[in-house]
Amino acid sequence: MCEDLKILKQGAEAKLYICNYLGKPTLIKERFEKKYRQPELDVTITKERIKNEARAIVRCKAADVKTPALYLVDFERRRIYMQHFKHSITVKDFIINIFTKHHQNGSGDGPNSLDKIATLIGQTVRKLHENNIIHGDLTTSNMLLVNNLNDSNWLDADNLELVMIDFGLSSFDTSAEDKGVDLYVLERALISTHNDYPEIFSNILEAYKMYSKNNVKEIIGKFEEVRARGRKRTMVG
């Protein structure tokens, strides 16, 4: 059923394999057993995260948010089979590569491309929240840029499509507070990973606010409250 199975990488939560499943390039995400957990608890947590991911992918399609297509959920083997994008790069690696090339060459369209990607991220996160989808782990490692032309010109942001991945911690909630927390998680991830591009979050937030005015003041207000609490905890230690 699955041909040419190869391991792609192993993370803290899962192993990723690539193969051809029913003639399609496929990524298999296999959540492995955590030995430190009580076995029944481990099964419950793993099953819940697989369900979360599958539900979120289905809801994202209705929300016009691009995710990998879902092919199969196998609870027995702790696996999700989904679309594999061969010509893709994480947003994290894209930003790092842009700045590396920009510093090496001292020129290019890198910063302009980054602003376009920031706008795309802001609009996409807003679409999630408009449909009450809380990602739960918004980082640039959990966003892919897919090259629609399958060429090597990764600097041309007009040829790239944003794909959201890794919904294992996702939930569905209408509360402005949860959406504010989602934004705060993203801001903290950007600060820790992309200090070469300090304006990235403000650009994302501007695009988020501009995409839709629906309930946006309340969400931003809750985000600012969460941010203030986070800073207070940091200061207190």
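Ser 212 sits in the loop between α5 and α6 (216–236). Helices here (H or I, at least four residues) and strands (E, at least two) are DSSP runs, numbered from the N terminus. This is a predicted model, where local features need pLDDT of at least 70 and side-chain atom pairs count only at pLDDT 80 or more, while totals for chains, interfaces and linings use all residues. Residues are numbered from 1 along each chain as its sequence is written, and side-chain values use heavy atoms, with hydrogens and water left out.

**Exercise 1. Work out whether Ser 212 is buried or exposed, and which residues it touches.**

Step 1: take the cut-offs. Buried means under 20% relative accessible area, exposed over 50%, and partly exposed in between (1.4 Å probe, protein chains only).

Step 2: apply them. Ser 212 has 11% relative accessibility, so it counts as buried.

Step 3: look for its partners, with contact meaning heavy atoms within 4.5 Å. Leaving out residues up to four places away in sequence, Ser 212 touches Arg 126 and Glu 130.

Step 4: zoom out to the chain. Its secondary structure comes to six helices and 10 strands, and buried residues make up 43% of the 237 residues. Among contacts between residues at least 6 apart in sequence, 61% join residues at least 24 apart.

**Exercise 2. Describe how helix α4 (residues 176–193) packs against helix α5 (residues 200–211).**

Step 1: get the geometry. Axes are lines fitted to C-alpha atoms, for helices over the stretch in contact, and angles run from 0 to 180 degrees between N-to-C directions. For α4 and α5 the angle is about 155°, with the axes 10 Å apart.

Step 2: name the arrangement. Angles under 35 degrees count as roughly parallel, over 145 as roughly antiparallel, 65 to 115 as roughly perpendicular and the rest as oblique, and α4 is therefore roughly antiparallel to α5.

Step 3: list who meets whom. From α4 come Lys 179, Leu 183, Leu 186, Glu 187 and Leu 190, and they meet Ile 200, Phe 201, Ile 204, Leu 205 and Tyr 208 of α5.

Step 4: sort by class. Ala, Val, Leu, Ile, Met, Phe, Trp, Tyr, Cys and Pro count as nonpolar, Asp, Glu, Lys and Arg as charged, and the others, Gly among them, as polar. The contact of α4 with α5 then has eight nonpolar, no polar and two charged residues.

**Exercise 3. Find out which parts of the chain the salt bridge between Glu 13 and Arg 31 ties together.**

Step 1: check the pair. A salt bridge is a side-chain nitrogen of Lys or Arg within 4 Å of a carboxyl oxygen of Asp or Glu. Glu 13 and Arg 31 make one, at 3.8 Å from N to O.

Step 2: Glu 13 is in the loop between β1 (2–10) and β2 (14–21) and Arg 31 is in strand β3 (residues 24–31), so the bridge ties together parts 18 residues apart in sequence. Their C-alpha atoms are separated by 5.9 Å.

Step 3: compare the surroundings. Glu 13 is partly exposed at 31%, whereas Arg 31 is buried at 7%.

Step 4: widen the view. Apart from residues up to four places away, Glu 13 touches Glu 30, Arg 31, Phe 32, Lys 34 and Arg 49. A network of salt bridges links Glu 13, Lys 29, Arg 31, Lys 34, Arg 49, Glu 53 and Asp 166.
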